[in-house]
Amino acid sequence: MSVRVLRPGMLTTVQDRGRHRMQHLGIVPGGAMDPVAFELANALVGNLQGEAALEFTLLGPQLAFEAAALIALCGAEFEATLDGQPMPLDRPVLVTSGTRLAAGRARRGSRAYLAVAGGIAVEPVLGSRSTYLPAQFGGWQGRVLRSDDLLPLAPECAALSGARAERLRLPGGAPHRTVPWSAPSLTLPEREFIVIHAMEGRHFGGFDADSQRAFFDATWRVAPASDRMGFRLLGPALARVDGDELLSEPTCLGTVQVPADGAPIALMADHQTTGGYPKIAEIAGADVPRLAQLAPGAALRFVRCTLAEAQALRRAARQRVESARRGIAWKYQS
Amino acid sequence: MNPLRIEPLGDAALYAEFSRTLDLRINEALQAVAAALRERAPPWLRDVVPSLGGLALHFDPEHAALPEAPLRAATDLLLDCLKATARARTAGREVEVPVCYDAQFGLDLDAVAAQTGLDAAQVVRLHAATEHRVLMVGFAPGQPYIGGLDPRLAVPRRATPRTRVPAGSIAIANAQSVVYPFEIAGGWSVLGRTPLRVFDPQREPPSLLLPGDRVRFAPISRQRFEALR
């Protein structure tokens, strides 16, 4: 059981929930940039264990399914077709053997997850199937997909797909069968610029007054040189009062650090585990998946929040995901 | 040893700062605390990351057993472990890292010799003579920051970083040595290269060096380098 890659798209990788508990060895968790869309894609095809999915970036791949499979594409709104017909997004779709999925550009958002019943069956490395590009391990041969790659699916994919389609009572007849309902989009940018909650970072007080104000007043744009490691932000240059060298110290997902050139970098899924640049802010964990959906050139503003507010945002975001997952699970049970 | 500050790191971690400058004694104590923390870590405490002058504790924000106030709970645990390890020393493993200091690997040997007023052979001798200690593994998978450099080898970072430093290169700056696990850009002065794999995801543990390890650099010939590769 496999999927053949006809065209790889801009940056398509295998991702899951990431590899944890190894940051003291310099190994970052990594995993899906938008874990919310990732979890919903999996829920739609009946996967409950964080099975590996494909992460599409800005320009999606063209794939051929060499077996029948229950699939779902969640996250950014990609122009996607199945054998030339528009592909329904955020829904479980049963494709037949030989079906061609062609994903074009992302119309809204920048990353989507293609989940397949049973998951992408690459070998786990250090407990995860996520691709870690900087060190070239995990996922499919530690790299982005290329044309002619033959990605393994779970051996039970066809059986699982059939049984799950049955439980969802997919209507018969059509070549690509789907359901009349869809999962909600929880992380896509809602307008021209988005608001991201951030706490003052450990070194906030070390920046001059203008920079402290500018960080929360300015409109920032995601720079083209942004990747899974970090988003470089274009806006006013930020300057420190003192220029002391800092000892390298741990960072985390959402840390906003400022190198000597004054342009902040928001650390994303594949960020380095430690760094020596001053931390001006820490993005609320609940808002990191929304940030991950911004394409280069997209605009954002930071709004100051407290730790308690960030924790409340996290609880609210988690409740929205849980409620969506319960809704999907109910469709499987009824 | 007492923390200077304990503060949140984002909304799912804390950072306890013990020193703002490199202090080998404090770093050694940090390794003992980290070991105690790892032993006693509740399931929601996902990562214990000792660094040069502090320690980060990362929580699993989705864990069912996450306490109401995780920061408070983690701080209490940290303070407990600090008390328990007040006099403890981690022995650390003893690891010998073979290094070929030949000119074709030691790209900056001559430059370091010129900066320090030594000759290249003396630079090698001084680097290999002392016992070093892994202060932190970070930045990239398996990348060790190693303290214990002879003070006579004090050099700053290179003015212009190299865009590519070969994997296995051993380089010095800021009173430390580093071993590059992969070919990456780097601004430290390269003295030699080890034939060993610094990071191998298929090995257990994947990292050649662990925080707290005592390290000796053993000079080897070019032939030995090829044989060990």
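Start with the crossing of α1(B) and α2(B), which is right-handed: the near helix is turned clockwise from the far one by less than a right angle. This is a predicted model, where local features need pLDDT of at least 70, side-chain atom pairs count only at pLDDT 80 or more, and totals for chains, interfaces and linings use all residues. Residues are numbered from 1 along each chain as its sequence is written, with chains lettered from A and ligands numbered from 1 in the order in which they are written.

Select residues 24-40 of chain B for α1, and 70-84 for α2. Helices are DSSP runs of H or I, at least four residues, and strands are runs of E, at least two, numbered from the N terminus. The two helices pack at about 125°, axes 9 Å apart. Axes are lines fitted to C-alpha atoms over the stretch in contact, and angles run from 0 to 180 degrees between N-to-C directions.

Now show Val33(B), Ala36(B), Leu37(B) and Arg40(B) on α1(B). Facing α2(B), pick its contact residues, among them Leu77(B) and Cys81(B). Contact means C-beta atoms, placed from the backbone, within 7 Å.

Move to chain A. Select β11 (193-200) and β19 (299-304): they pair in the parallel sense over six bridges. Pairing takes at least two DSSP bridges. Val195(A) has Arg301(A) as its bridge partner.

Finish between the chains. The contact takes 31 residues from chain A and 39 residues from chain B. On the chain A side, α5(A) gives the largest share, five residues.

Conventions:
Two residues are in contact if their C-beta atoms, placed from the backbone, lie within 7 Å.
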